[in-house]
Amino acid sequence: MIPFLDLKLINTQYRTELIDACTKVIDSGWYIHGQECQAFEKEFANYCGTEYCIGVANGLDALVLIIRAYKEMGEMCDGDEIIVPANTYIASILAISQNHLVPILVEPDIKTYLIDPLKIEEKITKKTKAILAVHLYGQTCQMDIINSIATKYNLKVIEDSAQSHGAYFQDKRSGNLGDASGFSFYPGKNLGALGDGGAVTTNHKELAQTVQYLANYGSEKKYHNIYQGVNSRLDEIQAAMLRVKLKNIDQENNIRQELALYYLQHIKNENLILPVPRNAKEHVWHLFVIRTENREHLANFLYQNGIETMIHYPIPPHKQQAYATLNAMHLPLSEQIHKEVLSIPLNVSITQAQRNEIVDALNTYLKNN
Ligand SMILES: *Cc1c(COP(=O)(O)O)cnc(C)c1O
């Protein structure tokens with residue numbers, strides 16, 4: 001069986017370095033907000049091209065804390081609206097509703113699965129405060145259009161970069177394409193820790209500081225609390241793991257790009273719809289998502305052929321039980337996407353033999369047998 005994602009194999013490449021880095025933390029006697037965390041924040045800001053990076057506990061917290069910081073800064077308040085793609089992972093929506101703001105769902109472009117920039121303006125009201133641009137599957141949104149809409153209506157642009165570490169839009173990287181960006185370092189992401197982790201990147205000093213205080217009990221210095229903050233810190237050991245992985249992310253993203261290009265060139269089957277990169281060099285292929293009419297049939301066929309697949313994602317946020325008040329909404333493109341998408345294995349541990357097996361299986365798939 002070709003597994004969808006073999007994290008053990010992927011992390012084993014760096015086993016010695018990871019163990020050394022972990023040992024260093026153990027021996028330092030400093031386990032929260034130490035040198036590793038500080039060094040990682042600096043290195044990751046540098047990688048993204050931003051002034052600031054604040055390590056936090058996970059990707060959801062990163063997004064929650066950005067919006068919370070804007071509330072503390074007086075830029076947003078309860079009941080305000082944030083525009084967000086309808087076909088995102090639930091965390092993007094949770095970050096808005098947890099802050100008592102209202103997610104305004106916008107349909108994606110059916111070709112890229114990214115928020116359709118032409119459908120944003122019609123959703124803007126007096127209460128709109130931000131656009132949350134989700135760089136889904138590893139491809140950045142059309143940030144030139146999104147940023148110009150934001151400028152016109154005086155909105156913040158928040159990036160959800162949980163799937164797009166290292167991805168570009170023109171000459172800038174994900175994390176440096178709006179006012180602030182949330183990253184996840186969940187183990188399966190392009191830059192993955194060996195546990196949970198997240199970060200906020202930004203070029204705005206006040207925002208950076210507010211997020212930093214909020215994530216550490218709202219304290220400016222120990223036992224001096226300016227805000228009713230939370231405990232959302234990036235672990236010292238995870239920061240050390242991430243420093244090892246960060247050194248290799250560009251190389252890993254290159255391998256992903258090569259594999260994606262191979263799939264795009266060699267999968268030839270009219271029953272399958274392949275992803276359409278806007279610019280193959282900018283895309284970091286967190287996932288390689290194909291579409292077909294009868295997704296379960298295809299998934300079964302691939303499973304019979306020894307290929308594990310996954311679905312990202314089976315139920316759109318507005319049809320989730322958790323968002324009962326949105327259940328009556330009809331968003332045909334998002335619903336179609338959630339019904340038809342299937343992710344095939346794309347990661348750095350896929351061998352040439354496995355790659356060929358996957359292509360061969362897909363090319364012999366017939367939708368009616
Ligand atoms: C993974 C993910 C998140 C949340 O990250 P966690 O670290 O799991 O909290 C947010 N948004 C998107 C698009 C994601 O894929």
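Is Lys71 buried or exposed, or does it count as partly exposed? With a relative accessibility of 22%, Lys71 counts as partly exposed; here buried means under 20% relative accessible area, exposed over 50%, and partly exposed in between, with a 1.4 Å probe and protein chains only.

Before I continue, this is a predicted model, in which local features need pLDDT of at least 70 and side-chain atom pairs count only at pLDDT 80 or more, while totals for chains, interfaces and linings use all residues. Residues are numbered from 1 along each chain as its sequence is written, and side-chain values use heavy atoms, leaving out hydrogens and water.

Lys71 pairs with Asp78 in a salt bridge, that is, a side-chain nitrogen of Lys or Arg within 4 Å of a carboxyl oxygen of Asp or Glu. Their closest N and O atoms are 2.7 Å apart. By this rule there are 14 salt bridges.

A further one joins Asp250 and Arg173, with 3.1 Å between the closest N and O atoms. Because Asp250 belongs to helix α9 (residues 249–266) and Arg173 to strand β7 (residues 172–173), the pair ties together parts 77 residues apart in sequence. Helices (H or I, at least four residues) and strands (E, at least two) are DSSP runs, numbered from the N terminus. Asp250 is partly exposed at 34% relative accessibility, whereas Arg173 is buried at 12%.

Let us turn to Arg291, which forms a salt bridge with Glu340. Arg291 is buried at 6% relative accessibility, and Glu340 is buried at 11%.

Finally, a network of salt bridges links Lys24, Glu36, Glu43 and Arg243.
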